[in-house]
Amino acid sequence: MTRRVLIRATGVARPGQLAGLGKALATSGARLLDINQSVTFGILSLEALVGLPRESDLEGALATTGDTLGLDVQAIQVSAEDYQRWSVQASQPRLILTLLAPHLPAGILAEVGALTAEHGLTVELIHRLSGREPLDGGMPEHGACVECWLRGEEVDLDALREKALALGAMHGVDIALQEDSIWRRHRRLVCFDMDSTLIQAEVIDELARRHGVGDEVAEVTERAMRGELDFQQSFRERMRKLRGLDESVLAEIAESLPLMDGLERLMRHLKRLGYRTAILSGGFTYFARHLQDRLGFDEVHANELLIEDGKVTGEVREPILDADRKAELLREIAAREGLAMEQTIAVGDGANDLKMLAAAGLGIAFRAKPMVRAQARQSISTLGLDAVLYLIGYRHGDLEEG
């Protein structure tokens, strides 16, 4: 017969402590069943679950070892019932809850704790992905991000996300929820909308303003938002109002496109880490290719403006790239690259992106309107585009040091 004991050791971290504890366990004939160790601000916390022969005097050995190592060591008997409960919990599905904001208010922890408890979830681990705050009290360079691992029986994920979205809005914090799986660590393809996602502009509105028809195009856009026109109808009507625009205006706008916060850092790391990247846009190839040349996107799919004699004709080459086509292209690229859909990421801001976001393994609404945030599985509103790296699970330190 064996007994199970939880060893808990805390104290100021220093070299050799793990070796000393390990030697005491080995001398007592212990079998290692589970172990966790962390060091925070120089304080070590170690928990080890071990199996022991009934006659073992581990407790005595640990008392002596703890004094030698400068650690407070406890040995807690674990009943068969507690061990069984732990085993069942460890086999339950894991959720990843990510908190993102320029800085995280302490009160959000209590709120998140209450929300997860309400849904029968246990917080298994909390760790920081973002860099450390500067000593002068300023904001972390790329925002604050904390990741929580949750376990529990199957929950209504849609209901939990809805409550998390409302809670985050109250505190100015993005709260993302993902089901943990092997695919989460093996995303390989990232597809982006362009206007108001990669750039801080809607190109068609800028073209209309330069052509003197800004109010007319805005009125068509408003009719589409009221549901009076679908995307293709509104797109064609807005395009007709651009007839006669000089091609030189396109070049001027392309050269001054305002990039979204965090885009250059995001692309630098995605390329370094071997991701394939694509622009899937209801905007125009003229501007998407400019971004491709500047930032290194692997491929571009958008609407091609027809130009004759140096003037915009008001037409585009068919077929128009709409919501259905975006989702279809995402699937086509994944299939061509030999990727499972779970390995894909899509990022966009508008209703025209929702089908693409739903098709992707990780769909992210970026600085989107409330309706889009509510329907997307994940959203980022408080940080720049490089916060996508946090949702993939990368630590700031690993990225900057790698």
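Helices (H or I, at least four residues) and strands (E, at least two) are DSSP runs, numbered here from the N terminus. The model is a predicted one, so local features need pLDDT of at least 70 and side-chain atom pairs count only at pLDDT 80 or more, while totals for chains, interfaces and linings use all residues. Residues are numbered from 1 along each chain as its sequence is written, and side-chain values use heavy atoms, with hydrogens and water left out.

The annotated site comes up first. In an unreviewed UniProt entry, the annotation "active site" covers D193 and D195; UniProt positions are given in the numbering used here, feature names are shortened, and annotations may be inferred rather than shown by experiment. D195 lies in the loop between β9 and α6, and D193 is placed in the loop between β9 and α6 as well. D193 counts as buried at 6% relative accessibility, and D195 is buried with a relative accessible area of 7%. Here, buried means under 20% relative accessible area, exposed over 50%, and partly exposed in between (1.4 Å probe, protein chains only).

Contacts are heavy atoms within 4.5 Å. Leaving aside neighbours within four places in sequence, D193 is in contact with L198, L280, S281, K326, V347, G348, D349, D353 and M356. With residues up to four places away not counted, D195 touches A201, E202, V203, I204, S281, G283 and D349. The D193 side chain also makes a polar contact with the side chain of T197, at 3.1 Å. A polar contact is a pair of N or O atoms within 3.5 Å; within protein, one must be able to donate a hydrogen and the other to accept it, and residues adjacent in sequence count only if both atoms are side-chain atoms.

Another polar contact, of 2.6 Å, joins the side chains of R151 and E124. R151 sits in strand β7 (residues 144-151) and is buried, with a relative accessible area of 12%. Beyond four places in sequence, the contacts of R151 include Q89, P93, G120 and T122, along with E124.

Next comes helix α9 (residues 247-255), whose buried residues are V249, L250, I253 and A254. Why do they end up on the same side of α9? They cover an arc of only 135 degrees around the axis, which puts them there; the arc is that of the directions from the helix axis to the C-beta atoms. Their packing partners are α6 (203-210), α11 (285-295), β12 (305-308) and β13 (311-316).

Strand β12 holds L305, which counts as buried at 9% relative accessibility. Leaving aside neighbours within four places in sequence, L305 is in contact with M239, L250, F284, V312, E315 and V316. The C-alpha atoms of L305 and G283 are separated by 9.4 Å, the two residues being 22 apart along the chain.

Most residues other than glycine have a negative phi, and most peptide bonds are trans. S196, in the loop between β9 and α6, is not a glycine, yet has a positive phi of about 65 degrees. D309 also has a positive phi, near 55 degrees; D309 belongs to the loop between β12 and β13 and is exposed, with a relative accessible area of 80%. The peptide bond from E318 to P319 is cis, with omega near -5 degrees, and P319 is found in the loop between β13 and α12 (323-336).
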